[in-house]
Each structure stands twice: as C-alpha cells, then as structure tokens.
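Here is a short note to read alongside the structure. Keep the sequence at hand and find each residue as you go.

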Amino acid sequence: DCSICKNLFLCNRHKTAFYLLMPPGDKPFHTKDLSAALGVSRLSFAPEEAMEELLDLMPGSVSVLGLMNDREKRVSLVIDAETTMVTIGSQA
C-alpha cells in the first residue's frame, strides 16, 4: 500500500541546467507545466551522456541516490508535492 515514484532526468534547451524529477508514478508528465513552475523556457529529457557524466548512471537506472555522484552539484532535485514519503523499518 505505497506509492511508486518515477525518476526523470531532465534539462533545459541549452543543456546547462539539469533536474532530477520525482513525480508520483501514476501522474502524467507535462513538460509545459513543469517548465512554467521552474521558470525554465523549455525542458526535455537530458541526453544519456549527461546522465553518465553528472550522475555516473546509465539510462534506466536513474534514482535519487545518483545525486551522491554529482560532486559539482549541477543537478537540482525536484519532488512533486503530491509524492508521499514512506518510512520503511522500525520506528524508535
């Protein structure tokens, strides 16, 4: 009984700003809405070369843990407000 999140690696038109988006798995992705919310003229999926260079990940394996490899902090994490965080394990 938990929500699934997508992990989408995006960039601006000039490939100078990068974003890791975590929306709910069942929510449709509308580039126009997210671009407006972030104040970016146009977003698209980032090229796999950028994913490898910035996050040291291959396509299909992007996750929030990849941000540990972003030593220059060039990738911004964007979490959709509808995403629910679930804690797994014992509570102290």
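1. Start with L77. At 39% relative accessibility, L77 counts as partly exposed; that class lies between buried (under 20% relative accessible area) and exposed (over 50%), using a 1.4 Å probe and protein chains only. L77 sits in strand 4, residues 75-79.

2. A word on the model. This is a predicted model: local features need pLDDT of at least 70, side-chain atom pairs count only at pLDDT 80 or more, and totals for chains, interfaces and linings use all residues. Residues are numbered from 1 along each chain as its sequence is written, and side-chain values use heavy atoms, with hydrogens and water left out.

3. Now the layout. The chain has two helices and four strands. Helices (H or I, at least four residues) and strands (E, at least two) are DSSP runs, numbered from the N terminus. Along the sequence the pattern is β-β-α-β-α-β. Of the 92 residues, 33% count as buried.

4. Look at helix 2, residues 48-55. Here A50, M51, L54 and L55 are buried. Seen down the axis of helix 2, its buried residues fall within an arc of 100°, so they line one face. The arc is taken from the directions from the helix axis to the C-beta atoms. Why can such a face form? An α-helix has 3.6 residues a turn, so residues three or four places apart point the same way. On the other side of helix 2, E49 and E53 are exposed.

5. What covers the buried residues of helix 2? The cover includes strand 1 (8-12), strand 2 and strand 4. After helix 2 comes D56, with a positive phi near 55°.

6. Check the aromatic rings. The whole structure holds two aromatic pairs. Rings of Phe, Tyr and Trp (its six-membered ring) pair if their centres lie within 6.5 Å; planes under 30 degrees apart count as stacked, over 60 as edge-to-face and the rest as tilted. The ring centres of F9 and F18 are 5.9 Å apart and the planes meet at 10°, so this pair is stacked. Both F9 and F18 are buried.

7. Then the other pair. The rings of F29 and F45 have centres 5.9 Å apart and planes at 55°, so the pair is tilted. The pair links distant parts of the chain, 16 residues apart: F29 is in the loop between strand 2 (18-22) and helix 1 (31-38), and F45 is in strand 3 (residues 43-45). F29 counts as partly exposed at 25% relative accessibility. F45 counts as exposed at 53%.

Notes. Contact = heavy atoms within 4.5 Å.
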